[in-house]
Amino acid sequence: MSETIFGQYARYYNLLYKDKDYAAEARYVHELIQRHGQGTGSVLNLGCGTGSHDFELAQLGYGITGVDLSDEMLVAARLRGASLSAGAQSPSFVKGDIRSVRIGRIFETVTALFHVISYQATNDDLAAFFATACAHLQPGGLLIFDCWYGPGVLVDPPAVRVKRLEDDCLGVIRIAEPKMHHELNCVDVNFEVHIRDKASDTFSVLHECHRMRYLFVPEIQLFLKQAGFEPAHCYRWLTFDPPDAASWNIICLARKL
Ligand SMILES: C[S@@+](CC[C@H](N)C(=O)[O-])C[C@H]1O[C@@H](n2cnc3c(N)ncnc32)[C@H](O)[C@@H]1O
């Protein structure tokens with residue numbers, strides 16, 4: 001995954017996902033931690049992006065360290081200035097590659113949310129990610145990650161999508177054209193993004209390719225076992241139900257041995 005992809009993406013990331021309910025997702029992660037983990041504590045959030053889950057989880061009482069490779073996403077995260085209630089600790093953000101970063105401390109929970117794992121497109125990338133997660137957990141510590149789910153992607157393959165958004169500063173039209181690579185369990189999502197800067201009335205066009213890996217439960221279990229985790233519990237995203245062939249997104253929880 002190249003560093004520049006999310007450099008460009010960061011400019012319009014928060015606008016693209018302005019309707020994504022990060023508060024509800026953070027409450028769901030909190031519920032997962034209460035059920036499977038060791039209660040409210042420290043969280044290392046790998047691939048934190050612009051910090052949306054981080055501030056919501058901080059509000060719920062967690063001590064958060066977010067890691068991302070993209071300087072631009074991290075700048076946006078640090079600039080959020082979200083007002084936290086008294087007693088909530090502001091998240092800290094660190095630049096690093098989640099395949100190799102070592103923060104130098106142990107956390108109670110490690111998370112990777114909103115397809116971060118699916119950006120780790122090769123087996124080597126995935127193995128390196130799981131090693132990073134393992135290195136930052138105490139025995140019994142919990143790893144929580146979501147991913148594109150193979151059966152769902154194959155049953156209902158990605159199609160061309162157009163998204164139009166605007167705020168006071170920008171107008172954005174994003175066209176997403178997928179190309180399947182069945183031999184790699186990957187989809188190249190080719191984005192063409194038309195951006196209008198309202199203040200200067202200028203237009204620009206960006207082209208980005210996001211290679212996304214879809215994953216199957218047996219291979220997830222193998223990666224986890226090789227990295228030193230117990231077998232995972234997998235649920236359909238935002239539920240406590242098992243995945244089915246209509247699920248595009250699942251969440252997995254695994255405890256470090
Ligand atoms: C779809 S965004 C999700 C961001 C955030 N978790 C959220 O929910 O908004 C994927 C993020 O993963 C980061 N990322 C992908 N691969 C990475 C890697 N190898 N090391 C660090 N960050 C990575 C990208 O920079 C990007 O911010």
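Modeller: Helices (H or I, at least four residues) and strands (E, at least two) are DSSP runs, numbered from the N terminus. This is a predicted model, where local features need pLDDT of at least 70, side-chain atom pairs count only at pLDDT 80 or more, and totals for chains, interfaces and linings use all residues. Residues are numbered from 1 along each chain as its sequence is written, and side-chain values use heavy atoms, with hydrogens and water left out.

Colleague: Which strand holds Thr65?

Modeller: Thr65 lies in strand 2, which runs over residues 63-68. The protein chain has seven helices and 11 strands.

Colleague: What makes the protein chain as compact as a globular protein of that length?

Modeller: The globule rule is 2.2 Å times the number of residues to the power 0.38, with the radius of gyration taken over C-alpha atoms. For 257 residues the rule gives 18 Å and the radius of gyration of the protein chain is 18 Å, so the chain is as compact as a globular protein of that length.

Colleague: Why does Thr65 count as buried?

Modeller: Buried means under 20% relative accessible area, exposed over 50%, partly exposed in between (1.4 Å probe, protein chains only). Thr65 has 6% relative accessibility, so Thr65 counts as buried. Of the 257 residues of the protein chain, 52% are buried.

Colleague: Which residues does Thr65 touch, not counting residues up to four places away in sequence?

Modeller: Contact means heavy atoms within 4.5 Å. With residues up to four places away in sequence not counted, Thr65 touches Val43, Leu44, Asn45, Ser92, Val94, Arg105 and Phe107.
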